[in-house]
Amino acid sequence: MLAENDYPISVEFDPQSGIFTPCPKLTPRYVSDLKQMFHDQQAVEEIIHSGDRLVYEIRYHPFKTSKSDMALGVTRIFPGTVGNEYHMTKGHIHERDDQPEIYYCVHGEGFLLLDTLQGEFRAVPWKAGVITHIPPMWAHRVVNTGDDLLVFVATYHLSAGHDYEIVEKQGFAQIVVKQNGKPVFLPNEK
Ligand code: PAN
Ligand code: ZN
């Protein structure tokens, strides 16, 4: 006998906009939610005082059956910079040390930053069509360096857990800033 949750579920997804339906949960993230993440604190304060700014949105769907738990997350990062630093996700590492994730870029361009927070760092050039496996124990953040929306699909286990605190404190090894209209990597001063 199948339980009610054990039946297949589909959603309809538009890769250009990053919107899928039905979508049980939408989380917007503003500059005020990412305060500690950007290096230019004066730029952060100015944006917040002038009414804040939406940096990205996460659309989320849990799939929980009697024997499994998966999550679908679609993130759309709007183009722009805070000071000279490109819009990006907060970034986190999974709480559980055995939890990987798949990220699939479907629209836009930028970089996927991966950092073990113990000396290993990778910046993967990202554009529509690139799929990256994020192994466990690598913090992950996506940076939108284009003039358009960047959209990516994520699949992971609900039980992975998200640790934002360590990234907030320490940051990733490098930051991505706009110089003469192009992305440039600088060491993180934190
Ligand atoms: C993604 C992220 C999503 C938003 O679904 O949660 O892209 O990024 P932040 O969580 O860093 O704000 C994921 O990696 N889930 O595990
Ligand atoms: Zn994750």
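**The metal site**

Modeller: Donors are N, O and S atoms within 2.8 Å of the metal (3.2 Å for Na, K and Ca); water is not among the atoms, so sites may look incomplete. This is a predicted model: local features need pLDDT of at least 70, side-chain atom pairs count only at pLDDT 80 or more, and totals for chains, interfaces and linings use all residues. Side-chain values use heavy atoms, with hydrogens and water left out.

Colleague: Which residues coordinate the zinc ion (ligand 2)?

Modeller: Ideal angles are 90 or 180 degrees for six octahedral donors. Here H92 (NE2), H94 (NE2), E101 (OE) and H140 (NE2) coordinate the zinc ion (ligand 2) at 2.1 to 2.2 Å. Along the chain the spacing of the donors is H-x1-H-x6-E-x38-H. E101 in strand β9 (residues 101–107) and H140 in strand β13 lie 39 residues apart, a pair that links distant parts of the chain; strands are DSSP runs of E, at least two residues, numbered from the N terminus.

Colleague: Is E101 buried or exposed?

Modeller: Buried means under 20% relative accessible area, exposed over 50%, partly exposed in between (1.4 Å probe, protein chains only). E101 is buried at 4%, and H140 is buried at 1%.

Colleague: What is the order of the strands in the open sheet?

Modeller: Two strands pair if DSSP finds at least two bridges between them. The three strands run β11-β10-β13, with antiparallel pairing. The edge strands are β11 (121–127) and β13 (139–144). Six bridges join β10 (residues 109–115) to β13, and L112 stands opposite V142 in β13.

Methods:
Residues are numbered from 1 along each chain as its sequence is written. Chains are lettered from A and ligands numbered from 1 in the order in which they are written. Helices (H or I, at least four residues) and strands (E, at least two) are DSSP runs, numbered from the N terminus.
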